[in-house]
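I opened this notebook to keep track of what I looked up in one structure. The entries follow the order in which I checked things.

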Amino acid sequence: MSGHQTLRQFLLAEHKQGKMSQDMVLLMEDIATSCRIIAHKVRNGAFLDILGATETSNVQGETQKQLDVIADEVFQEHCANCSRVAALVSEEIDEVIWLKDAPKAGDYLVYYDPLDGSSNLNVNLSVGSIFSVVELQEDITEKSNEAVLIKGAKQICAGYSLYGPSTSLVLTTGHGVNGFTHKIGNGEFLLTFPDMRLGAETQEFAINASRARKWDPVITRYVEECLDGKDGPRGKTFNMRWVASMVAEVHRILMRGGVFLYPKDAGNAAAGGKLRLLYEANPMGFIMEQAGGKASTGHGRILDVQPTGHHQRISVILGTAAEVDLIDSYYRDA
Ligand code: AHM
Ligand code: MG
């Protein structure tokens, strides 16, 4: 016995306390299985010769890695096990995949990015999977792509798995955030980081600084003030990190605080930003809020944005609440 609660023990305890349905327990176990399988494939990718690009691109025009496609198949196969799942909405698939003939209110929609940060694969840096679950708000008569455009505030579960030095699984069902680590040997996810919380303050930020010439004046002001150090308006020295893997950045922020920015800028404004609302911004926003942080577009709470397309992109600023509030206030003043 390691003394750590297993994922199954944790899920069953949450179910007993009325914090999640039995169907959600099953779905979470299927998602955890998907993440275990993807972790195994990522770690053996060089031997299986699957680290490179495919001949295809996804609907957003991005070249897909072989592992993007493989990870998507793993999610599709396992999430379909839970009979309450009405549809799967994947970053890698053009159209919504409807699994039920007559989807009803209360059925689950599962949104996921099966392998986020996949440009890191062939240099052996951290990647991850992100997922989110929403209940259908009403019975569906027409199984269209528009039927899955539900605000992030309606999420009943979100999480990610980080394929780093160890494999983490971090979850929220709206009752705080809990982190599990995959134990090599018995293959179980064990609760190693219960009740993850963000501190009130931070001295660390994350942004792709190579885009500085494209930033709007608010982002430029915020970053310059961080870089000004002790003698500047912030009165303290900031550190900067950029992994180019959102799952890794969010995990670092959950562990030691910080703020992550992928704003809309002059280079990505036509698309609405870089990161996807349904697969990246909403689940990570929900996790941040549940850990005491915030997630904003700069002009309002990400979870309150009404989606207009299932592959929609959006400006993302998330992490320690005081920093997100400060950036929001700069946008109000601009
Ligand atoms: P992806 O879903 O195509 O992998 O793109 C999302 C990733 C995020 O994980 C990361 O924050 C960002 O793209 C990195 O972008 P950049 O290459 O501009 O650093
Ligand atoms: Mg991706």
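The entries below go from the whole chain to single residues.

**Entry 1, the whole chain.** I noted before anything else that this is a predicted model. I looked up the secondary structure and found eight helices and 17 strands in the chain. I then checked the overall size. The chain has 334 residues, for which a compact globule would have a radius of gyration near 20 Å, and the value here is 19 Å, which agrees. Along the principal axes, the C-alpha atoms fill a box of roughly 55 × 50 × 45 Å. I also looked up burial, and 45% of the 334 residues count as buried. For contacts between residues at least 6 apart in sequence, I found that 64% join residues at least 24 apart.

**Entry 2, the open sheet.** I looked for the order of strands in the sheet. It is an open sheet of eight strands, running E4-E3-E5-E6-E7-E8-E9-E10, and the pairing is mixed. The edges are E4 and strand E10 (189-193), each of which pairs on one side only.

Is strand E3 (residues 85-90) enclosed or open to the outside? Six of its six residues are buried, so I wrote E3 down as largely enclosed by the rest of the structure. I then went through its partners. Strands of a sheet pair through backbone hydrogen bonds, in either a parallel or an antiparallel way. E3 has both kinds of partner: five bridges link E3 in parallel to strand E5 (residues 108-116), and two bridges link E3 antiparallel to strand E4 (residues 97-98). On the E5 side, Val89 stands opposite Tyr111. On the E4 side, Ala87 has Trp98 as its bridge partner. E3 and E4 make a hairpin, and six residues lie between them.

I took Asp116 next, which is in strand E5. It counts as buried because it has 28 C-beta neighbours inside 10 Å, where 20 or more are needed. Leaving out residues up to four places away in sequence, Asp116 touches Glu280 and several others, among them Val127, Ser129, Ile130 and Ser245.

Glu280 lies in helix H7 (residues 277-290). This residue also counts as buried, with 26 C-beta neighbours inside 10 Å. Beyond four places in sequence, I listed its contacts as Asp113, Asp116, Ile130, Met246 and Leu275.

Which residues surround ligand 1? I listed Glu62, Asp113, Asp116, Gly117, Ser118, Asn208, Ala244, Ser245, Met246 and Tyr262. By class, this shell has three nonpolar, four polar and three charged residues.

Last, I looked at a loop residue. Gly18 sits between helix H1 (7-16) and helix H2 (22-43). Is Gly18 buried or exposed? I put it down as exposed because 8 other C-beta atoms lie within 10 Å, and the cut-off is 12 or fewer. Gly18 and Gln64 are 46 residues apart along the chain, and their C-alpha atoms are separated by 40 Å.

Technical notes:
Residues are numbered from 1 along each chain as its sequence is written. Chains are lettered from A and ligands numbered from 1 in the order in which they are written. This is a predicted model: local features need pLDDT of at least 70, side-chain atom pairs count only at pLDDT 80 or more; totals for chains, interfaces and linings use all residues. Helices (H or I, at least four residues) and strands (E, at least two) are DSSP runs, numbered from the N terminus. The radius of gyration is taken over C-alpha atoms; the globule rule is 2.2 Å times the number of residues to the power 0.38. Two residues are in contact if their C-beta atoms, placed from the backbone, lie within 7 Å. A residue is near a molecule or strand if its C-beta atom, placed from the backbone, lies within 6 Å of it. Ala, Val, Leu, Ile, Met, Phe, Trp, Tyr, Cys and Pro count as nonpolar, Asp, Glu, Lys and Arg as charged, and the others, Gly among them, as polar. Two strands pair if DSSP finds at least two bridges between them.
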